[in-house]
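Subject: A structure for you to explore

Hi,

Here is the structure I promised to pass on to you. Please open it next to this email, so that you can look up each part as you read.

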Amino acid sequence: MASQTFYGRSLPSKLVDYRSTESKNRLCRSLQSGLAVPYLALSSCFNTQAEPAFCGLSTLAIILNSLRIDPQRVWKTIWRWYSEELLECCRPLEDMKVSGITLDEFACLADCNGASASLVRPVDSKEQYEEFIQTVHRVCTGGRLKQSDREKNFDEENPEEFMAISYSRKTLGQTGDGHFSPIAALDVETNSVLIFDTARFKYPPHWVPLDLLFQSMLPIDNTTGKSRGYVVLKAKCEYQGRKVCCILKEPTSEDVLKDGLPEPKPVYESGKLNGTACLKCWGSSLVTSQ
């Protein structure tokens, strides 16, 4: 007898479907008021996670591509592009297919792939909630905290930072529990944010009240014994005007292409990164074993 299957889930009443008229109104307000700076970059790279447990990897790949970071290794044929399978570093991919990744592993993988990650595990306090709101506002405005800043020359086509949320679906009234997704826009009128849910086979992108989203980060993750939280990511390496995964070797004459730019070559040898634990994750145990 075949096991039961599903085609999507209905969103709880407190969440607003991205495809709805109300969502259209919120997004229009956000775009017009400059509170959807991450939206275009994220939507251009948004995709459905390849495995049920790949929400963290998918969220990170989307953000790394939105930051326009060159992974410096091939995705398919001749193309360099981030996908979940290129993020096999801190743990074997087969393990992540089963259990996903923790918030600390998310931050570590970001660091291994050219992005600085500022991780916050909020506690249930007014101060922490206000800090969360300020961070959401800063990211969604591209760093413009005041109305007067809108007149400054910002490059909205290339946002400098993005925000990923690690939260409990149960708090939102959804099925399942731990999940990762990026924030794309803020609507001040309804005090809600647009979540690009990477599990599009389950839930469409949707708007979540900020206070509810904050509460969804507070439950303890049984895997780590810690609460969930949020991460702000920025590109940390640049070479000849390009954002890159890591520090590059000095180019030789053989590396120079017709346009005068060297072919990006990471410090590590090609193929050595995948499936190899990084020193940040395993360094302490390696030192001990020596």
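Below is what was found in it, going from the whole chain to single residues.

**Before you start**

This is a predicted model, in which local features need pLDDT of at least 70 and side-chain atom pairs count only at pLDDT 80 or more, while totals for chains, interfaces and linings use all residues. Residues are numbered from 1 along each chain as its sequence is written, and side-chain values use heavy atoms, with hydrogens and water left out.

**The whole chain**

The chain has eight helices and 12 strands. Both are DSSP runs, numbered from the N terminus: helices are H or I with at least four residues, and strands are E with at least two. Of the 290 residues, 47% count as buried. Here buried means under 20% relative accessible area, exposed means over 50%, and partly exposed is in between, with a 1.4 Å probe and protein chains only. Residues 24 or more positions apart make up 64% of the contacts with a separation of 6 or more, where a contact means heavy atoms within 4.5 Å.

**The sheet**

In what order do the seven strands of the open sheet stand? The order is 1-7-6-5-4-10-3, and the pairing is antiparallel. (Two strands pair if DSSP finds at least two bridges between them.) Strand 1 (16-17) and strand 3 (115-120) are at the edges with a single partner strand each, so one side of each has no neighbour in the sheet.

Two helices pack on this sheet. Helix 5 (residues 103-112) touches strand 3, strand 4, strand 5 (178-187) and strand 10, and its direction makes about 160 degrees with that of strand 3. Helix 6 (residues 126-140) touches strand 4, strand 5, strand 6 (192-195) and strand 10, with a direction at about 140 degrees to that of strand 4. For these angles, axes are lines fitted to C-alpha atoms, for helices over the stretch in contact, and the angles run from 0 to 180 degrees between N-to-C directions.

Strand 4 (residues 161-168) and strand 10 (residues 229-235) pair in the antiparallel sense over six bridges. You can find one by looking at E161, whose bridge partner in strand 10 is K234.

**Strand 6 and I195**

Strand 6 pairs with strand 5 over four bridges and with strand 7 (residues 206-209) over four bridges, in the antiparallel sense in both cases. S192 and L194 point one way from strand 6, V193 and I195 point the other way, and all are buried.

Is I195 buried or exposed? I195 counts as buried, because its relative accessibility is 0%. Its bridge partner in strand 7 is H206, and I195 is also the bridge partner of I183. I195 and I183 are 12 residues apart along the chain, yet their C-alpha atoms are separated by 4.9 Å. Leaving aside neighbours within four places in sequence, the contacts of I195 include Y167, P205, V208 and L213.

**Some positive phi values**

Most residues other than glycine have a negative phi. N191, in the loop between strand 5 and strand 6, has a positive phi near 50 degrees. N191 is partly exposed, with a relative accessible area of 32%. Q72, in the loop between strand 2 (69-70) and helix 4, has a positive phi of about 60 degrees although it is not a glycine. Q72 is buried, at 5% relative accessible area.

**Helix 3**

How many residues of helix 3 are buried? The number is 12 of its 12 residues, among them C55, L60 and S66. Helix 3 (residues 55-66) reaches 16 Å from its first C-alpha to its last, close to the 16 Å expected at 1.5 Å a residue; the expected span is 1.5 Å times one less than the number of residues. Just after helix 3, R68 takes a positive phi of about 60 degrees.

**The largest pocket**

The largest pocket has a volume of about 540 Å³. It is lined by 30 residues, of which C55, S99, G100, G178 and H179 lie nearest its centre. Strand 5 gives the most to the lining, with three residues. A pocket is found on a 1 Å grid over the protein atoms alone, as an open set of points where a 1.4 Å probe fits, with protein on both sides within 12 Å along at least five of seven lines; lining residues have an atom within 4 Å of a point. Grid points are joined across faces, edges and corners, and the volume is the space filled by probe spheres set on the points.

Enjoy looking around!
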